[in-house]
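Here is a short note to read beside the structure. Take the points in order and find each residue as you go.

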Amino acid sequence: MRIIQTQQDLDYLHHANLPLPMLKHIEDYFNELRDMFGDTEDTLFSLQKHGYIVILELGDNLNDLSIIGLSREDGGLLGSRPEYVEAIQGEGITFYKIAVMYTNDYLMTFLTIAGWHDDAIDKWLRQEAGIGSWTDELIADKLRTLFDRNEHILKNKTSGSNIWLALASALPITEDTPTNLFPDYALPFTFEGDLFSPTVQPTHIVRAILRTTDPATGTNEYVDGNTFLFRVNESTDHAELLYEEEAFGDAPGFEGGSISDAYLWIHELAKPFYVRLKDPFLSSEQRLRLNGHDQDESLPNLSQQPEVRQKSIKWN
């Protein structure tokens with residue numbers, strides 16, 4: 001947790017290894033508050049009397065923020081009934097801005113990065129920000145269960161790789177869905193339009209990209225992806241992967257391309273609902289140690305051509 005009240009606190013953030021879009025947003029927001037409450041030339045200006053800025057980091061317990069007035073008994077941040085939650089996109093990351101009114105004259109602002117906290121908190125943030133859907137959440141949870149693997153590569157291990165879901169998009173299946181979007185193993189496909197069909201009709205086409213980190217070379221800049229068919233029933237909170245054996249038996253539908261090209265491939269189906277380009281199992285310091293940097297991914301350049309295949313991920 002980092003608390004920003006003064007210009008000095010803000011200056012220290014440049015050593016905190018925050019993503020540049022988030023750092024820029026915090027700086028602009030602090031200056032807006034100084035314009036509103038103080039003198040732009042006043043280097044002693046403080047947010048202490050107005051409500052300060054709090055950066056919630058990896059490992060912080062958002063269910064118990066008693067140190068800043070949001071107790072466990074009241075549900076922490078999740079029980080705070082925020083004025084608003086805003087999801088902000090920037091250079092391959094999503095971060096959230098949460099405004100909580102303590103009194104009529106005291107507004108606390110919290111910022112955190114998507115994926116830094118557990119699934120329940122990430123779901124709450126997405127719902128409060130009004131992004132995604134419950135169907136997306138169910139699909140993402142199933143994909144993470146299938147593919148995310150923490151090999152603890154920094155704990156006396158010289159082999160193995162962390163694997164995680166990096167990108168995903170989903171398209172509901174209708175009678176107008178182009179057949180070329182379906183994987184070959186599902187063709188020919190006949191639309192039934194009945195969620196409760198005894199034939200276990202898929203409801204969504206899903207494209208997913210996996211990424212890896214290994215102890216020798218760090219985070220792989222090349223990624224693999226595949227197309228899956230899901231059956232999702234929101235009333236039972238259930239997302240089922242269909243044709244699992246066929247899907248895992250084939251070579252990846254997207255193999256050994258860059259993040260930019262992977263984003264293009266994902267976007268051909270639908271706008272990505274899930275973006276997590278940094279290894280979620282490593283801290284910023286660990287990623288820096290492995291890669292020599294922990295910089296943000298640049299926004300995908302959709303005009304680039306696919307790159308030469310390098311290392312592939314085994315889907316089975």
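1. How many cavities of 30 Å³ or more does the structure hold? This is a predicted model, and it holds 1. About 240 Å³ of space lies in the largest cavity. The lining has 20 residues, and the closest to the centre are Ile113, Ala114, Trp116, Lys278 and Arg287.

2. Look at what the lining is made of. It divides into 10 nonpolar, 5 polar and 5 charged residues. Strand 4 (93-103) and helix 7 (284-291) each supply at least two residues of this lining.

3. Now the charged pairs. Side chains of opposite charge can pair when their charged atoms come close. The structure holds 9 salt bridges. One of them joins Arg287 and Asp294, at 2.8 Å from N to O. Salt bridges with shared partners link Lys278, Arg287 and Asp294 into one network. Arg287 counts as buried because its relative accessibility is 7%. Asp294 is also buried, with a relative accessible area of 7%.

4. Glu57 forms a salt bridge with Arg2, and their closest N and O atoms are 2.9 Å apart. Glu57 lies in the loop between strand 2 (53-55) and strand 3 (84-90), and Arg2 lies in strand 1, so the pair ties together parts 55 residues apart in sequence. Glu57 counts as buried at 19% relative accessibility. Arg2, at 31%, counts as partly exposed.

5. Glu137 and Arg126 also form a salt bridge, with the closest N and O atoms 2.4 Å apart. Glu137 is in helix 4 (residues 134-147) and Arg126 in helix 3 (residues 119-129), so the pair ties together parts 11 residues apart in sequence. Both residues are buried.

Terms used
Residues numbered from 1 in each chain as written. Predicted model: local features only at pLDDT ≥ 70, side-chain atom pairs only at ≥ 80, totals over all residues. Heavy atoms only, no water. 1 Å grid on protein atoms, 1.4 Å probe; cavity = no way out; pocket = protein on both sides within 12 Å on 5 of 7 lines; lining within 4 Å. Points joined across faces, edges and corners; volume = space filled by probe spheres on them. Helix = DSSP H or I, 4+ residues; strand = E, 2+ residues; numbered from the N terminus. Nonpolar A, V, L, I, M, F, W, Y, C, P; charged D, E, K, R; others polar. Salt bridge = Lys/Arg side-chain N within 4 Å of Asp/Glu carboxyl O. Buried < 20%, exposed > 50% of the residue type's maximum accessible area, 1.4 Å probe, protein only.
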